[in-house]
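Please keep the structure open and look up each residue as you meet it.

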Amino acid sequence: MQLRQLEYFLAVWEAGSFSGAAARLYVTQPSLSQQIGALEKELGAVLLERGRQGVTLTPAGRVFLPRAQDVVRAVQDAQDSVREVVEGRQGDVHVLTVRSVASGILPPSAARWHSTYPSTVLRLHDYSHRRDLEEAMRGGQGDIAVGPRPDPWEGPVVSLGYEEMVVTGSAEHPAGTAADPAELAAADWVLYEQEQGMSEVVDRLAGHLGFTPRAVARTGQVSAALLFAVEGIGVTVTPENAVPLRWSRHARRIGPGCFRELVVFSRKLPSQLAERYRDMLTTLELPLTAERDLPEGALRF
């Protein structure tokens, strides 16, 4: 049984004749009759009876009619639902990211998305470490991901820019002040647990500067590390966009600068809504630094 046969059957019943249905469907009457005949043969019953007053339903046709209507209506509803998703009128977008990016980078995009596609839902799932983010994305748990550049990755990857990493402590400093590597080597540190992705950032930074941080506290949260640092427990490293404005004078650049690239990536065939969200991210003014504007000698990864 084919959907076309059901549509032809309904068209004949609605038009009241084979000729009227053929004209409405832009098909020849013999072709229409052949399809109805094939449907009746498969069902083992005559559905339509020709008469002087037109076509009427047989007892089998009366039973079959509402079922055929339900099937055609369900198919139409399914087509409409998909069309609404494609056109951005309905649907969900599952965005995977790491926690520091979720709070410091994505809120403006969520606001823009809601105003542009008010009938859709932006579902944000954040992870502590980049490896967990990549594993979830490979496992099909998201439509699109925003975070550090994955390597390797089979699928589209678009760079958004670089977020600067800054060192924060209890003392306040003039704007534009940079922390000296020797000072950082001698300082007490608020470090991150290994399951927190910022631990990787601190390890790479310390390795580049040639020292091993002396841990006096560890945490799994960027916000907690900032609180500990401002309270004087030790210094810590966080993305600059994660530092609240009231603590901006507690944050300093690290040497000539330390930057982490952020990208938006997806599997080979992203959904239409995922592509729209990616395009939106690339046009927003995010708190990131373009590659061409990175300071000379800056560490980047």
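In which helix is Ala-22 found? Point 2 has the answer, after a word on the model.

1. **Ground rules.** This is a predicted model, where local features need pLDDT of at least 70 and side-chain atom pairs count only at pLDDT 80 or more, while totals for chains, interfaces and linings use all residues. Residues are numbered from 1 along each chain as its sequence is written, and side-chain values use heavy atoms, with hydrogens and water left out.

2. **Ala-22.** Ala-22 is found in helix H2; helices (H or I, at least four residues) and strands (E, at least two) are DSSP runs, numbered from the N terminus. Ala-22 counts as buried because its relative accessible area is 6%; buried means under 20%, exposed over 50% and partly exposed in between, with a 1.4 Å probe and protein chains only. Leaving aside neighbours within four places in sequence, Ala-22 is in contact (heavy atoms within 4.5 Å) with Val-27, Thr-28, Gln-29 and Leu-32. Ala-22 and Val-71 are 49 residues apart in sequence, and their C-alpha atoms are 21 Å apart in space.

3. **Tyr-26.** Look next at the loop between helix H2 (18-25) and helix H3 (29-43), where Tyr-26 lies. Phi of Tyr-26 is near 60°, a positive value in a residue other than glycine. Is Tyr-26 buried or exposed? Tyr-26 counts as exposed because its relative accessibility is 76%.

4. **Arg-67.** Helix H4 (residues 59-86) holds Arg-67. With 55% relative accessibility, Arg-67 also counts as exposed. Arg-67 and Leu-6 are 61 residues apart in sequence, yet 9.6 Å apart in space, C-alpha to C-alpha.

5. **Two domains.** The domain assignment gives domain 1 (3-82) and domain 2 (93-300); such bounds come from an automatic or database domain assignment. Taken over C-alpha atoms, the centres of domain 1 and domain 2 are separated by 60 Å.

6. **A cis bond.** Find the peptide bond from Asp-151 to Pro-152: this bond is cis, with omega near -5°. Pro-152 sits in the loop between strand E5 (144-148) and E6.

7. **The nonpolar cores.** In soluble globular proteins, nonpolar side chains tend to be buried together. A nonpolar core is a set of buried Ala, Val, Leu, Ile, Met, Phe, Trp, Tyr and Cys residues joined through side-chain atoms within 4.5 Å. The largest one here has 31 residues, and those with the most contacts inside it are Leu-184, Trp-189, Met-198, Val-237, Ile-254 and Cys-258. Two or more residues of this core come from each of E6, strand E8 (188-192), helix H9 (198-209), H10 and E11. Which element gives the most to this core? H9 does, with five residues. Not counting residues up to four places away in sequence, Leu-184 touches Val-167, Ala-179, Trp-189, Leu-209, Phe-211 and Ile-254. A second, separate core has 30 residues, including Ile-144, Val-146, Leu-273 and Met-280.

8. **The largest pocket.** On a 1 Å grid over the protein atoms alone, a cavity is a set of points where a 1.4 Å probe fits but cannot get out, and a pocket is an open set with protein on both sides within 12 Å along at least five of seven lines; lining residues have an atom within 4 Å of a point. Grid points are joined across faces, edges and corners, and a volume is the space filled by probe spheres set on the points. The largest pocket has a volume of about 290 Å³. It is lined by 14 residues, of which Gly-176, Glu-240, Ser-248, Ala-251 and Arg-252 are the closest to its centre. Strand E6 (157-168) and strand E11 (251-265) are the elements that give two or more residues to this lining, and E11 gives the most, with three.

9. **The cavity.** The count comes to one cavity of 30 Å³ or more. About 80 Å³ of space lies in the largest cavity, and among the residues that line it are Val-98, Tyr-127, Pro-148, Met-198 and Arg-260. H5 and H9 are the elements that give two or more residues to this lining.
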